[in-house]
Amino acid sequence: MADQPLGDPSSDPLGPEDEVEGAEPPADAQPARRRPKPGERRVQILHTLAQMLEQPGAERITTAGLAAKLEVSEAALYRHFASKAQMFEGLIEFIESSVFTLVNQVQQRDLAAREQARLMLTVLLQFAEKNPGMSRVMAGDALVFENERLTARMNQFFDRFESQLRQALKSAGDADGSATPTADAQARASVVASFALGRIQRFARSGFKRVPTEHLDAALAQLI
């Protein structure tokens, strides 16, 4: 996973597994576990979930397995997330925020529209490559047996990305003097978005061996 904060930094209640203030322990007692900062446990849960998704061939992740990895009870997880679906939603929120922040930065640069579209595709694939666990969520593999709303939300992510591409490609068509810039942009954006999803799925299903940016410059020359 990229070295970026996960989840909402809002304050969450602490559970029995977290250190609480109280009387001084006996001299021979084991050192108390450090009390997490507000929101830190939530971030830790999401970070660990993403790490578990990075294991090639990993089976469906259970809350019991996640709790064991964190060395806490399942009840401790549910003090921070109402369900496992909410944990996956936290990962999807991170994907959305990270990718579209980068896309917006590309759009704000003084670049030709076609170059903007190339960079938008590049930052999406680079994000997936740097975050293998997230790529399984993006590809949908990690969501197969989870709540249907998670797959729907990930589909919306790619629809939004395709829309952003379409805007850039329409501007490129206008600049080129195309007679049908809107139709051309719709067709090309659909192809490019499908290519991106295919590369991410191949990365996830190859055990992270076939990187999404493989021969990317040559592919971009054909696509955009």
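Which helices do the buried residues of H6 pack against? They pack against helix H1 (40-53), helix H4 (84-108), helix H5 (113-130), H7 and H8. Contact here means heavy atoms within 4.5 Å.

First, some ground rules. This is a predicted model, in which local features need pLDDT of at least 70 and side-chain atom pairs count only at pLDDT 80 or more, while totals for chains, interfaces and linings use all residues. Residues are numbered from 1 along each chain as its sequence is written, and side-chain values use heavy atoms, with hydrogens and water left out.

Start with the whole chain. The protein chain has 9 helices and 0 strands. These elements are DSSP runs numbered from the N terminus: helices are H or I with at least four residues, strands are E with at least two. Of the 224 residues, 43% count as buried. Buried means under 20% relative accessible area, exposed means over 50%, and partly exposed lies in between (1.4 Å probe, protein chains only). Among contacts with a separation of 6 or more, 69% join residues 24 or more positions apart. The chain exposes about 11,900 Å², and carbon and sulfur atoms supply 48% of that area. Accessible areas come from the Shrake-Rupley method with a 1.4 Å probe; for residues, only the protein chains shown count as cover.

Now return to H6. This helix is mostly covered, with 8 of its 8 residues buried. Among them are Pro132, Arg136 and Met138. Just after H6, glycine 140 takes a positive phi of about 95 degrees.

Of its 15 lining residues, the closest to the centre are Met138, Met154, Asn155, Phe158 and Leu197. A pocket is found on a 1 Å grid over the protein atoms alone, as an open set of points where a 1.4 Å probe fits, with protein on both sides within 12 Å along at least five of seven lines; lining residues have an atom within 4 Å of a point. Helix H6 (132-139), helix H7 (148-176) and helix H8 (181-205) each supply at least two lining residues. The largest share, 6 residues, comes from H7. By class, the lining has 8 nonpolar, 5 polar and 2 charged residues. Ala, Val, Leu, Ile, Met, Phe, Trp, Tyr, Cys and Pro count as nonpolar, Asp, Glu, Lys and Arg as charged, and the others, Gly among them, as polar.

Next, look at the charged side chains. The whole structure holds 12 salt bridges. A salt bridge is a side-chain nitrogen of Lys or Arg within 4 Å of a carboxyl oxygen of Asp or Glu. One joins glutamate 93 and arginine 153 (3.9 Å, N to O). Glutamate 93 lies in helix H4 and arginine 153 in helix H7, so the pair ties together parts that are 60 residues apart in sequence.

Aspartate 176 forms another with arginine 114, with the closest N and O atoms 2.7 Å apart. This pair links helix H7 to helix H5, across 62 residues. Aspartate 176 is exposed, at 51% relative accessible area, whereas arginine 114 is partly exposed, at 29%.

Aspartate 141 and arginine 205 also meet in a salt bridge (2.9 Å, N to O). Aspartate 141 sits in the loop between H6 and H7, and arginine 205 in helix H8, 64 residues apart. Finally, salt bridges that share partners join Arg60, Lys84 and Glu146 into one network.
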